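Subject: Structure handover and notes

Hello,

Please find the structure below. My notes on it follow.

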Amino acid sequence: MSQKYDLTMKNIFSDMADDIMSYFLGLQYTKIDELNIEFARVERRDSDMIFKCTTDRGNVAVHIEFQSENDGKMPYRMLRYSLEIMEKHNLLPYQIVVYIGKDNVKMANSLSYDFGEQNTLDYKYRIINVGNIKYTDVVGTNYYDLYSLLPLMDQSRRKEEGEKYLERCVEAIKDIPLDINKKKDIAFKAEILSGIVYKREVIEKVFSEVVKMFRIEESETYKMIIEKGIEKGIEKGIEKGEKEKSIKIAKKLLEEGMDIDKIAKITELAKEEIKKLIN
């Protein structure tokens with residue numbers, strides 16, 4: 001991989017480290033520091049991510065590599081990396097390869113030989129195939145940084161549903177209960193990673209909707225609804241005969257392109273009534 005690719009991957013995955021260690025690895029840990037190791041003697045490249053962590057088994061170096069293609073030489077690279085980590089930091093490495101490729105995993109995760117009691121090797125590391133992670137296992141959790149990986153997950157469902165699956169992923173990102181800038185960041189990374197498994201025209205079509213929604217969330221009308229608590233006040237307002245306020249808000253949101261389902265949820269007007277406002 002080129003240095004440019006390394007930097008791109010680091011930028012995309014840097015925020016996911018905590019969620020990967022907690023969700024995928026199930027590690028109970030305290031992250032102490034990031035170890036910036038340049039494997040000059042190995043590949044003349046930087047590792048993707050290495051963190052010194054305190055676990056119930058003592059201090060370890062959690063080493064995470066991201067791989068978008070099958071590499072038959074991966075076990076050799078990972079072994080060399082583990083030796084560099086142990087030599088430079090005197091830490092036991094906990095190594096993981098996160099596979100985000102389109103094809104099935106065809107890489108080995110071990111190296112071994114046995115030439116007798118004093119000449120053996122039994123080396124293994126873990127491979128996580130993101131394509132085997134179920135969409136429903138991640139959506140609904142608070143591991144929101146992992147939502148960037150949703151377009152690469154659930155390989156069988158993704159192949160069956162095609163574009164519809166990507167739309168489902170975008171909807172999940174839109175509904176994350178985080179501030180607009182964080183959601184934009186997650187969506188941006190998801191869009192980039194979608195390129196591994198989807199065609200450009202499909203990606204542009206699907207993600208144009210989320211961009212539109214983010215514009216709405218940044219609009220003055222939407223801010224008014226959120227900041228002034230209109231969403232909660234509407235229900236009381238309707239009871240007091242202030243239905244006109246809900247209709248006025250619905251008209252503004254229609255002008256800004258918000259879909260009818262979301263307008264109905266915010267204003268608590270019937271969908272049929274909102275549809276009439278379009279005309």
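This is a predicted model: local features need pLDDT of at least 70, side-chain atom pairs count only at pLDDT 80 or more; totals for chains, interfaces and linings use all residues.

Overall content

The protein chain contains 13 helices and 9 strands. Of its 279 residues, 44% are buried. As for contacts between residues at least 6 apart in sequence, 59% of them join residues at least 24 apart.

Aromatic pairs

How many aromatic pairs does the structure hold? There are 5 aromatic pairs. One of them is formed by Tyr113 and Phe115: the ring centres are 6.0 Å apart and the planes stand at 35 degrees, so this pair is tilted. Tyr113 is partly exposed, at a relative accessible area of 40%, while Phe115 counts as exposed at 67% relative accessibility. Tyr135, the residue I began with, forms an aromatic pair with Tyr165, and this pair is edge-to-face, with 5.8 Å centre to centre and 70 degrees between the planes. The pair links distant parts of the chain, as Tyr135 belongs to helix H4 (residues 135-138) and Tyr165 to helix H6 (residues 163-174), 30 residues apart. Tyr165 is buried, with a relative accessible area of 0%.

H11 and H12: how do the axes of helix H11 (residues 243-255) and helix H12 (residues 260-267) cross? The axes come within 10 Å and cross at roughly 155 degrees. An angle over 145 degrees counts as roughly antiparallel, so H11 is roughly antiparallel to H12. H11 passes H12 in a right-handed crossing. On the H11 side the contact involves Ser246, Ile249, Ala250, Leu253 and Leu254, and these meet Ile260, Ile263, Ile266 and Thr267 in H12. Sorted by class, the contact of H11 with H12 has 7 nonpolar residues, 2 polar residues and no charged residues.

H12 and H13: helix H13 (residues 271-278) packs with H12 at an angle of about 115 degrees, and their axes are 9 Å apart. The crossing of H12 and H13 is right-handed. Which residues of H12 meet H13? They are Ile260, Asp261, Ile263, Ala264 and Thr267, and their partners in H13 are Lys271, Ile274, Lys275 and Ile278. By class, the contact of H12 with H13 has 5 nonpolar residues, 1 polar residue and 3 charged residues.

H11 and H13: the axes of H11 and H13 come within 10 Å, crossing at roughly 60 degrees. That makes H11 oblique to H13. The crossing of H11 and H13 is right-handed. From H11, the contact takes in Lys243, Ile247, Ala250, Lys251 and Leu254, and from H13, Glu273, Ile274, Leu277 and Ile278. The residues of the contact of H11 with H13 divide into 6 nonpolar and 3 charged, with no polar ones.

Most residues other than glycine have a negative phi. Asn90 lies in the loop between helix H3 (74-89) and strand S6 (92-99), and it counts as exposed at 70% relative accessibility. Asp154, also not a glycine, has a positive phi of about 50 degrees. Asp154 is placed in the loop between H4 and helix H5 (155-161). Is Asp154 buried or exposed? At 5% relative accessibility, Asp154 counts as buried.

A residue in strand S5

The last item is Ile64, which is placed in strand S5 (residues 58-67). Ile64 is buried, with a relative accessible area of 0%. What is Ile64 in contact with, leaving aside its neighbours within four places in sequence? The contacts of Ile64 are Ile20, Met21, Asp48, Met49, Ile96 and Val98. Ile64 and Arg126 are 62 residues apart along the chain, and their C-alpha atoms are separated by 9.7 Å.

Regards

Terms used
Residues are numbered from 1 along each chain as its sequence is written. Side-chain values use heavy atoms; hydrogens and water are left out. Axes are lines fitted to C-alpha atoms, for helices over the stretch in contact, and angles run from 0 to 180 degrees between N-to-C directions. Helices (H or I, at least four residues) and strands (E, at least two) are DSSP runs, numbered from the N terminus. Angles under 35 degrees count as roughly parallel, over 145 as roughly antiparallel, 65 to 115 as roughly perpendicular and the rest as oblique. A crossing is left-handed if the near helix is turned anticlockwise from the far one by less than a right angle, and right-handed if clockwise. Contact means heavy atoms within 4.5 Å. Ala, Val, Leu, Ile, Met, Phe, Trp, Tyr, Cys and Pro count as nonpolar, Asp, Glu, Lys and Arg as charged, and the others, Gly among them, as polar. Rings of Phe, Tyr and Trp (its six-membered ring) pair if their centres lie within 6.5 Å; planes under 30 degrees apart count as stacked, over 60 as edge-to-face and the rest as tilted. Buried means under 20% relative accessible area, exposed over 50%, partly exposed in between (1.4 Å probe, protein chains only).
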